[in-house]
Amino acid sequence: MSPHAPRIERDAQAALRLLGDWSAARLAEPGTWAQIQAGLAFAAPAQALALSWDLRDLQRLDHTGAQVLWNAWGREWPGQLLIEPAQRAMLARVAQYALPEPVARRSNAWQLFLALGATVWLVIDHLKDATQLLGQLLLDVLTLLRAPTKGPWRDVSGHVFRIGATALPITALLGFLIGVVLAYLMSLQLRQFGADSFIVNILGMSVIRELGPMLAAILIAGRSGSTITAQIGVMRVTEELDAMRVMGIPQGFRLVLPRAIAMALAMPLLAVWTSLAALFGGMLAADLTMGVTPAYFFAALPRAVEISNLTLAVGKSAVFGLLIGLIGCHYGLRIKPNTESLGQGTTASVVTSIAMVILVDAAFALVFKDVGL
Amino acid sequence: MNDSTAVNTPAAPAPDVVEIDKLWSVFHSAGRDAVVHQDLDLRIVDGEFMSIVGGSGSGKTVLLRQMLGLEKPARGRVTVLGKPAAQLGAEGAASRVGMLFQHGALYSAFTVLENIAFALRELGTLPSKLVREVAMVKLQMVGLEPAQAHKMPSDLSGGMVKRVALARALVMDPPLLLLDEPTAGLDPDSADGFVALLRSLHQELGLTVVMVTHDLDTLFELSTRIAVVAEKRIIACGTPLQVMAHDHPFIHDFFLGARGQRAAAVLRQAPHNE
């Protein structure tokens with residue numbers, strides 16, 4: 001055992017001699033705590049106080065060590081104590097401050113009920129904020145229409161590049177792979193019915209009308225929705241939002257509007273791009289597994305999928321983009337200046353955007369069930 | 001010590017807590033290197049309250065970060081408590097060095113008490129009741145009310161953040177405490193309170209303290225020795241009066257301006273800094 005290890009020696013005359021280094025670091029060494037506890041195990045504090053304690057040979061006593069002793073003595077000074085003045089001062093300080101920790105508020109039924117109410121208010125608050133954001137966006141769009149040259153176009157073009165152009169490789173890759181997998185799986189089924197050529201109809205319809213826009217939207221919600229929330233959130237943390245307000249620069253016009261416009265522009269383009277990649281992948285897979293040639297694919301596609309499907313896909317993608325942008329801004333503006341809030345806000349933003357995209361997509365499917373089918 | 005210091009070394013040779021030998025701090029940026037320290041020497045002895053002063057960008061905070069092992073010396077040696085500074089970050093570092101960061105650097109996800117107890121709790125061997133009791137003692141030692149224990153850092157004022165950060169730095173009673181601008185951003189009242197707290201802790205706990213500061217009042221109130229960083233090295237090191245007597249343009253501007261004269265009045269009233 002190292003000479004620094006804290007330990008207790010007990011001799012016959014009911015005297016305890018403390019040795020070693022009674023500091024936080026030494027006491028926390030593995031195994032030490034169990035030994036100390038065994039040495040300090042008394043039936044009652046009175047028993048500990050009846051003994052004679054000798055602290056003079058201690059190499060070091062810090063607040064943690066003093067706290068351990070003070071607890072062992074049942075928070076009283078023992079009758080016989082041999083001690084250096086500095087150690088006494090240390091123990092006295094611990095004794096002075098050894099108050100019970102204030103009780104953290106515990107939850108009871110009433111508080112649970114209040115928490116439920118708080119949740120309801122939070123939802124209402126969110127809806128109010130979202131409505132305000134949407135209304136502000138409409139007003140900002142009107143402002144923009146009245147004076148288009150004064151719009152934040154540089155911001156818009158920057159965001160279109162970051163949201164759209166830099167997402168081209170990843171959306172193409174995902175679209176391509178989904179196309180290949182879909183075509184391969186469907187070819188196995190279709191071959192059983194000898195309906196090989198219907199691969200064009202199924203693939204074309206599902207990819208152009210649903211999968212392309214959805215895939216792109218979900219990907220962009222995760223990729224750019226989170227970025228928007230984090231960007232605006234960090235601006236809150238660093239007080240940049242307050243600085244803007246102080247300078248009289250409208251946040252809606254300079255932060256929300258450019259992002260919403262860029263999203264609404266980039267999203268349809270990305271959806272078409274993803275659909276193209278998926279169709280290309282599907283076409284390759286169909287050629288390889290069933291011998292449906294690309295030439296036939298090109299010829300059959302316009303007949304199988306009406307052009308109105310493409311219009312619908314582009315239209316709803318623009319709505320998805322707007323939604324993702326607005327939800328990102330909404331959560332970004334609500335972030336409070338601490339790390340926890342930043343993390344929660346970003347997560348909530350992505351989850352909400354994806355859920356909303358799927359919900360709105362279902363609504364589109366219902367409303368436009370007679371179009372292009 | 002290098003030639004520029006005019007200090008009589010104390011009679012009893014106390015072991016040096018921090019030894020910096022021929023330190024070079026170099027920051028590499030695209031295309032060119034910025035040399036912050038060049039052959040810098042500094043000794044900090046046990047139990048002293050050493051203040052490091054210097055102009056903006058003179059590398060005071062970098063020097064502090066070197067002592068913490070957060071920066072790597074390009075050349076030279078930084079030894080803290082007998083070990084290279086780079087090894088400080090190992091487990092149990094909190095029992096060797098405490099650092100009070102300029103903005104507190106409290107963990108915003110934890111309550112005040114959890115912040116203070118964090119280093120001790122992470123060791124994982126002491127019972128959590130004891131850890132909380134130790135943290136409560138530290139909380140009150142820095143002058144906070146027990147009722148503050150369950151607050152979140154975002155609910156605290158600037159002065160309270162500094163106090164909690166100080167309690168956190170001291171939770172394992174490290175022998176060496178580093179302070180980066182401890183009174184920056186505090187109102188005069190809180191700053192005075194914090195200075196008094198630092199002085200009493202330094203005396204009661206026998207800490208070795210290294211402080212970086214711009215605030216002349218804090219400097220003269222607390223320091224037993226002052227080191228002046230300029231021209232990439234320590235140009236003067238000694239008691240406040242010795243340093244002020246040193247002939248160097250920076251020292252003239254820094255200490256002998258109107259603000260410096262006002263603040264230095266404390267030296268003539270209180271002989272405890274001699």
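Chain A of this predicted model has a secondary structure that comes to 14 helices and 5 strands. Of its 373 residues, 35% count as buried, and among the contacts in chain A with a separation of 6 or more, 85% are accounted for by residues 24 or more positions apart. Chain B contributes an open sheet of 6 strands, and the two chains touch through 24 residues from chain B and 24 residues from chain A.

**The sheet of chain B**

- The strands of the open sheet in chain B follow the order β6-β7-β8-β3-β9-β10, and their pairing is mixed.
- Because β6 (97-100) and β10 (233-238) of chain B stand at the edges with a single partner strand each, one side of each is left without a neighbour in the sheet.
- From one strand to the next, the twist of this sheet averages 15°.
- Within the sheet, strand β7 (residues 176-180) and strand β8 (residues 208-212) of chain B pair in the parallel sense over 5 bridges, and Leu176(B) has Thr208(B) as its bridge partner in β8(B).
- Strands of a sheet pair through backbone hydrogen bonds, in either a parallel or an antiparallel arrangement.
- Helix α4 (residues 158-169) of chain B lies across β6 and β7 of chain B, and this helix runs at about 170° to β6(B).

**The side of chain B that touches chain A**

- The contact between the chains draws on 24 residues from chain B and 24 residues from chain A, and on the chain B side the elements that give two or more residues are α2 (112-123) and α3 (128-141).
- The element that gives the most to the side of chain B that touches chain A is α3(B), with 9 residues.
- By residue type, the side of chain B that touches chain A divides into 13 nonpolar, 7 polar and 4 charged residues.

**Helix packing between the chains**

- Helix α4 (residues 63-72) of chain A packs with α3(B) at an angle of about 120°, the two axes being 10 Å apart, and α4(A) passes α3(B) in a right-handed crossing.
- On the chain A side, this helix contact is made by His63(A), Thr64(A), Gln67(A) and Val68(A) of α4(A), while α3(B) brings Leu130(B), Glu133(B), Val134(B), Val137(B) and Lys138(B).
- The residues in the contact of α4(A) with α3(B) divide into 4 nonpolar, 3 polar and 2 charged.

Methods: Residues are numbered from 1 along each chain as its sequence is written. Chains are lettered from A and ligands numbered from 1 in the order in which they are written. This is a predicted model: local features need pLDDT of at least 70, side-chain atom pairs count only at pLDDT 80 or more; totals for chains, interfaces and linings use all residues. Two strands pair if DSSP finds at least two bridges between them. Helices (H or I, at least four residues) and strands (E, at least two) are DSSP runs, numbered from the N terminus. Axes are lines fitted to C-alpha atoms, for helices over the stretch in contact, and angles run from 0 to 180 degrees between N-to-C directions. Two residues are in contact if their C-beta atoms, placed from the backbone, lie within 7 Å. Ala, Val, Leu, Ile, Met, Phe, Trp, Tyr, Cys and Pro count as nonpolar, Asp, Glu, Lys and Arg as charged, and the others, Gly among them, as polar. A crossing is left-handed if the near helix is turned anticlockwise from the far one by less than a right angle, and right-handed if clockwise. A residue is buried if 20 or more other C-beta atoms lie within 10 Å of its own, exposed if 12 or fewer, and partly exposed in between; C-beta atoms are placed from the backbone.
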